[in-house]
Amino acid sequence: MSNYFKDWRLSGLLAVMLVAGLILAGCGGQQPGGTTGTPEKVTLNGAGASFPYPLYSKWFDEYKKKTNEAVTINYQSIGSGGGIKNITDKTVDFGASDAPMKDDQLQKAPGELFHIPTVMGAVVVTFNLEGVSTGLKMSPETVAGIFLGEIKKWNDPKLTSINPGVQLPDKDIVVVHRSDGSGTTNIFTDYLSSVSPAWKEKVGKGTSVEWPAGVGAKGNEGVSGQVKQTPGGVGYVELAYAVENKLPYAFIQNKDGKFVEPTIESTTAAAAAAAASMPADMRVSIVNPPGADSYPISGYTYLLVYKNQDDQTKGKALVDFLWWAVHDGEKFARDLLYAPLPDNVVKLAENKIKQINYQGKQLLQQ
Amino acid sequence: MDRMYLRRARNLVMSVMCMASAVVVIIPLVMILFYVAADGLRAINWGFFTNLPKPVGETGGGMANAIAGTFTMVTLATGLSLPVGLMAGIYLSEFGRGRLREAVRFLTDVLNGVPSIITGIFVYVLVVVAMGRYSALAGSVALGIIMIPIITRSTEEMLRMVPKSLREASLALGATEQQTVVKIVLRSASGGIVTGVMLAVARAAGETAPVLFTALNNRYWNQGLDQPIASLAVFIYTYGISPFEDWHSQAWGAALVLVVMVLFLNITARLVVRARQGR
């Protein structure tokens, strides 16, 4: 007997580990909100853009509360490129991207994908320069020059000439750009291509481009972190990331020649200027629009969902959430420095959400 | 005399250098433990073990889900890899013959050398895309694949260290080959085998790249083994590269928890083995 007992010690330890692991896994599922009578629990998984992540993580927490813990939405900020890849592979229930998918990308997807815009955000040029705070002015040529690696010092005449009174040091500029496929990069390079012929010719636009200068960092999180730790650093991030990290950012000269601060208002103004030309599928670029108050580098961010859903329960949860997001969800946007959708865009989004179906049956119930 | 003097001097120099190298080996470990403890302790409080992470930009929150997630995945990975690794190790040491054994041994070493991110991509294609979602299961498979060669090779090494005379004695007493392997060889090598398994567990617990591709991550509790799951390693990664101070300190906290978890497992395993061998 005792021999057997000894033999069991090792296997006993492993068995205990296994059981404990399973219990933990089991507990995990039930831990929050074990109330009875709640509707069936649904988990939706999504992944993609880091640009709207601060807002989305807030949304998913609020929405979980609102549905009495019935709907859990797990979102991972892996970059727009990853979001597009994952929704194409159908490894997630929805994707997210700030770069509208290209026609050939849409064709690769196994079903018809909708772009549902959620909010708009501004991409700001943020920097780390002792003694220089928000309000440093940059013209389109300057921004292009810096990111092309042609403007190498902070006291370059191109910067000093438009910033009288600002003490710019004789310091090297360290460009930080995204290393992952990024919708923020798409907006930023779209802007640079539209204002700088040199950029358009040498680099072009896209979710990932061949950067002529600088170091890479992953996600908006990574770029903000890198700029924060690098004296002389300059990078481009979503406005919320700069503000939350107390990083200064530049005022950019717009099409009308005015230097504009990136704010919710100036982003909304940009969207309003571009709203008239919104196509039905909502894949649109709003960089460098006209209008004295328009901030020139901004864009929509989208959730990517299949028109034909494979799973009724999940599909229903998804459309309910989308409806909530473009209506009630918008009121969280301002606090986190995103611009809510203009009314005409909400109408277009509603129209799309209504078309989402399971085996031909509309999933949204009003 | 001169020669003797030279020899002694050389002896001294080499001894000192060896000792100095030994100290150099320890320094990084001590520094890692020191930094992790110093920065990690500040982030750790009761809520760290019981709360879920907060939305971006809000302070507080914990990593209860990540702790449970790492535990779940490593346990499952051990369950998947231990039988295979152990038996492959027994094969290599006890029963394997000729070319096949050499091939298995060589391929095990190759598998051991495959960068873990490659394993992640492999499992992504094989399991995640096929299943249609990221899952705790896929993460465990990836970790299991990483653990198998470690367990196999350490088991083999340990079994080969058992003296041949012991095997012969067992067989001479009329024990079958199976009885010899199970009751004599495995038994006397158990201490080393457990250590090998623990090394594999520790390695798996700290892996980030393969988990990132397979289990994704989860801000909430895992909802089942076929759903994405949080893990400490991925949290350390995402929080570490974030720009938020609060997240940095939480990443240190998670690192400390991970180190303590692995240390605790190691010590438990050793105690169990010692208790067994004591009798």
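**Terms and values**

Author: Among the contacts in chain A between residues at least 6 apart in sequence, 74% join residues at least 24 apart. Two residues are in contact if their C-beta atoms, placed from the backbone, lie within 7 Å. This is a predicted model, in which local features need pLDDT of at least 70 and side-chain atom pairs count only at pLDDT 80 or more, while totals for chains, interfaces and linings use all residues. Residues are numbered from 1 along each chain as its sequence is written, and chains are lettered from A and ligands numbered from 1 in the order in which they are written.

Reader: What makes Phe94(A) count as buried?

Author: A residue is buried if 20 or more other C-beta atoms lie within 10 Å of its own, exposed if 12 or fewer, and partly exposed in between, with C-beta atoms placed from the backbone. Phe94(A) has 26 C-beta neighbours inside 10 Å, so it counts as buried. Phe94(A) is found in strand E3 (residues 94–97) of chain A. Leaving aside neighbours within four places in sequence, its contacts are Leu44(A), Gly46(A), Ile87(A), Leu303(A), Leu304(A), Val305(A) and Leu318(A).

Reader: How much of chain A is buried?

Author: Of the 366 residues in chain A, 49% are buried. Strand E4 (residues 113–127) of chain A is mostly covered, with 14 of its 15 residues buried.

Reader: How many helices and strands does chain A have, and what makes a run count as one?

Author: Chain A has 13 helices and 13 strands. Helices (H or I, at least four residues) and strands (E, at least two) are DSSP runs, numbered from the N terminus.

Reader: Which strands does E4(A) pair with, and how do you know that they pair?

Author: Two strands pair if DSSP finds at least two bridges between them. E4(A) has nine bridges to strand E11 (residues 298–306) of chain A, in the antiparallel sense, and Val119(A) has Thr301(A) in E11(A) as its bridge partner. E4(A) also pairs in the antiparallel sense with strand E8 (residues 233–238) of chain A, over five bridges. There, Val125(A) is bridged to Tyr236(A) of E8(A).

Reader: Why are E5 and E10 of chain A called edge strands?

Author: An open sheet of three strands in chain A has the order E5-E9-E10, with mixed pairing. Strands E5 (137–138) and E10 (259–260) of chain A are the edge strands: each pairs on one side only. E5(A) is joined by two bridges to strand E9 (residues 251–253) of chain A, and these run parallel. Met138(A) has Ile252(A) in E9(A) as its bridge partner.

Reader: Why are H4(B) and H6(B) called oblique to each other?

Author: The axes of helix H4 (residues 98–113) and helix H6 (residues 136–160) of chain B come within 8 Å and cross at roughly 135°. Axes are lines fitted to C-alpha atoms, for helices over the stretch in contact, and angles run from 0 to 180 degrees between N-to-C directions. Angles under 35 degrees count as roughly parallel, over 145 as roughly antiparallel, 65 to 115 as roughly perpendicular and the rest as oblique. H4(B) and H6(B) are therefore oblique to each other.

Reader: Which residues make that contact between H4(B) and H6(B)?

Author: H4(B) supplies Thr108(B), Leu111(B) and Asn112(B), and H6(B) supplies Pro149(B), Ile150(B), Thr152(B) and Arg153(B).

Reader: How many residues of chain A are in contact with chain B?

Author: 36 residues of chain A are in contact with 34 residues of chain B. H1(A) gives the most to the side of chain A that touches chain B, with 11 residues.
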